[in-house]
Amino acid sequence: MSSTPTEIVRSLLANTSSLSTLETLIAPNATYISLNYNNSSLQKIFPYAGSHPNEGPHAIYNTFATVNKIWSQEKFEILSLFGAGEDVAVFGRFTYRSRTLGKQTTSPFSIWAKVVEGKVVFMQFMEDTLDMANTVKVEGVGRYKIFEGQQEFEV
């Protein structure tokens with residue numbers, strides 16, 4: 001019995017800690033993009049961030065394993081999951097607590113996945129990276145200037 005693309009992505013998200021299950025759902029040469037394409041500063045905070053072309057299920061498994069080392073997952077909630085053809089979109093929110101500092105946050109997330117011939121061949125995961133980074137931030141502020149003529153401000 002074949003599964004629909006939305007069922008495949010829902011199953012993937014329910015089994016991120018099982019490499020053997022992920023290997024049945026994700027093509028061996030799938031591309032995974034986590035948070036951005038390639039940002040070395042962000043990778044210092046989130047070592048899994050960036051593009052993982054042709055790394056297949058291991059890229060997704062390793063990302064979620066690393067996330068689990070940094071944060072405890074208190075809630076992961078899919079609010080909407082739908083598809084059109086090979087494209088699947090997921091929107092939701094999660095609550096994580098940093099294991100080192102005990103700081104908690106709830107972040108929205110979104111996923112775009114492509115499923116071809118019953119396998120995920122592409123997946124992109126986005127979240128509120130500033131909010132997540134603040135859960136592992138020890139001290140200090142960032143200085144920002146958004147608009148021309150605006151004073152700098154600290155966050």
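**View 1. Helix α4 has 15 residues and a span of 22 Å from its first C-alpha to its last.** This is close to the 21 Å expected at 1.5 Å a residue, where the expected span is 1.5 Å times one less than the number of residues. Helices (H or I, at least four residues) and strands (E, at least two) are DSSP runs, numbered from the N terminus. The model is predicted: local features need pLDDT of at least 70 and side-chain atom pairs pLDDT 80 or more, while totals for chains, interfaces and linings use all residues. Residues are numbered from 1 along each chain as its sequence is written, and side-chain values use heavy atoms, without hydrogens and water.

**View 2. The largest nonpolar core has 35 residues.** Such a core is a set of buried Ala, Val, Leu, Ile, Met, Phe, Trp, Tyr and Cys residues joined through side-chain atoms within 4.5 Å. Leu12, Phe46 and Met123 have the most contacts inside this core. Helix α4 (residues 56–70) gives the most to this core, with five residues. Contact means heavy atoms within 4.5 Å; beyond four places away in sequence, Phe46 touches Leu35, Trp71, Thr129, Met132 and Ala133.

**View 3. Ser34 is found in strand β1 (residues 26–34).** Ser34 counts as buried because its relative accessibility is 1%. Leaving out residues up to four places away in sequence, Ser34 touches Tyr48, Ala49, Gly50, Thr63 and Phe125.

Methods. Buried means under 20% relative accessible area, exposed over 50%, partly exposed in between (1.4 Å probe, protein chains only).
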